[in-house]
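Here is a short report on one protein model. It goes from the overall fold to a single residue.

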Amino acid sequence: MNSEWSLDVLYKGFDDPKFSEDLTSFEKKAKELDELSKTLSHENEKEDLIRIVKALEEFELLEKHLSCFGFLSQSTNTANTKAAAAIDKVATIASTASKAMAVFSRYISDMKDLNSYLDCPELCEYKYFLNDIHESGKYLLSEDVEEALAKMNISGGSAWEKQQSLLTSSLEVEYDGKKLPLASVRNLAYDADKEVRKAAYEAEIKSYAPIADAVSFSLNNIKLQVITEAKMRGYTSPMDMTLHQSHVSQKTLDALLSAMQKYLPVFHKYLKRKAEILGYENGLPWYELFAPVGKSATTSFTPETTKEYLVNHFRPFCDELADMMEEAFDNNWIDFYPHKGKVGGAFCCNMPFVKQSRVLTNFDGGLGDVVTLAHELGHAYHGLNIESHKPLNWEYSMPVAETASTFNENIIMNAVIDETEDKEVKLGLIENQLQDLC
């Protein structure tokens, strides 16, 4: 089993002739979208809609192939200049289509009888997609302004995001006489030794000093762009824009936050008790937030044993999910270990256009890493279930995205707790679950 993922299903590299061919086709499709936007007439709305959807599907497929390859390549090596150049090139080409996209959106939002066209085979699966565009028309700016925003974003919010990612992923932390990647030092927050946890935290905080101003500047400018765009589009606030784009109502958000507020005293009680167990009298220091309580499970996992553990536990629940997990481990979907230049944390990138996903993690062999993989493979299972959807229906909101992954976490943690007979180990596992929820 390889410890690094393979992206060969997309391209063999940035020098792959197929990559150059698709980049040229993508540029051509962007021009075709522009040409199509100039031919629309409300006299032939149904035919125009079918042409728009077909052109957008072709454009979307090429963009997904190219952008996923660039993003995934850069995620494991933020110093990869070819990846950075490719990402910029794809973004630049995509921005040239933004004016046409605005024309399409305006055209659809101006339709008086949109729903009368949506029962035909070419459009019936896009009822929600097209109606959403229709209802969002009030937030559209002029075609020229939409184009300018898209192009300015490349050197604006998007560029600041890349700088923040580069600075944090390439940061080395001086710890115990060695230089370690930031992700490796962060993993020490779970160490059984109190002095290790404290020293690692202090080393992490100290390491931020040289990049603190640049990271703050990046984040502030990303948010300033969001605030500016929200005002320009006529949203009452950035929150209003986010809710609209996430297909979540204010009422739903308020219900979620109210539930959290209601249960905060429970978590306060938990944190105070954890502080007492660890020997603190005045609350829990931040660097002890992830400290293990009880007896840690002594099992140290490898990618091979993690695969066996996950497949065995998910097989009784769903064969399709277990089969997908086996494929992920066997066919190089996962990039496991931390190293310099690799982004921190974990994520899953769905690629329904090739019927696969890619999972990045910073694996250290602990139970938490197994839970993380269960979570990310939940996202991959979500990807499996959208493979049969139309290309323009592949996007989904964050509340939907986190459903399968959180469900997977619960399955694996509940199973581990139920199977453990040692009371001290069981306590440690329950604390681990509370810690994640907290």
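The report below covers basis, fold, surface and one side chain.

## Basis

This is a predicted model: local features need pLDDT of at least 70, side-chain atom pairs count only at pLDDT 80 or more, and totals for chains, interfaces and linings use all residues. Residues are numbered from 1 along each chain as its sequence is written, and side-chain values use heavy atoms, with hydrogens and water left out.

## Fold

The protein has 17 helices and five strands. Both are DSSP runs numbered from the N terminus: helices are H or I, at least four residues, and strands are E, at least two. The radius of gyration is 24 Å, close to the 22 Å of the globule rule for 438 residues, so the protein is as compact as a globular protein of that length. The radius is taken over C-alpha atoms, and the rule is 2.2 Å times the number of residues to the power 0.38.

The C-alpha trace spans about 75 × 50 × 50 Å along its principal axes.

## Burial and surface

Of the 438 residues, 44% are buried. Buried means under 20% relative accessible area, with a 1.4 Å probe and protein chains only.

## Asparagine 408

Asparagine 408 lies in helix H16, residues 398–419. This residue is buried, at 3% relative accessible area. Beyond neighbours within four places in sequence, asparagine 408 has contacts (heavy atoms within 4.5 Å) with Phe314, Leu321, Met325, Ala374, His375, Leu377 and Gly378.

Note on methods
Buried means under 20% relative accessible area, exposed over 50%, partly exposed in between (1.4 Å probe, protein chains only).
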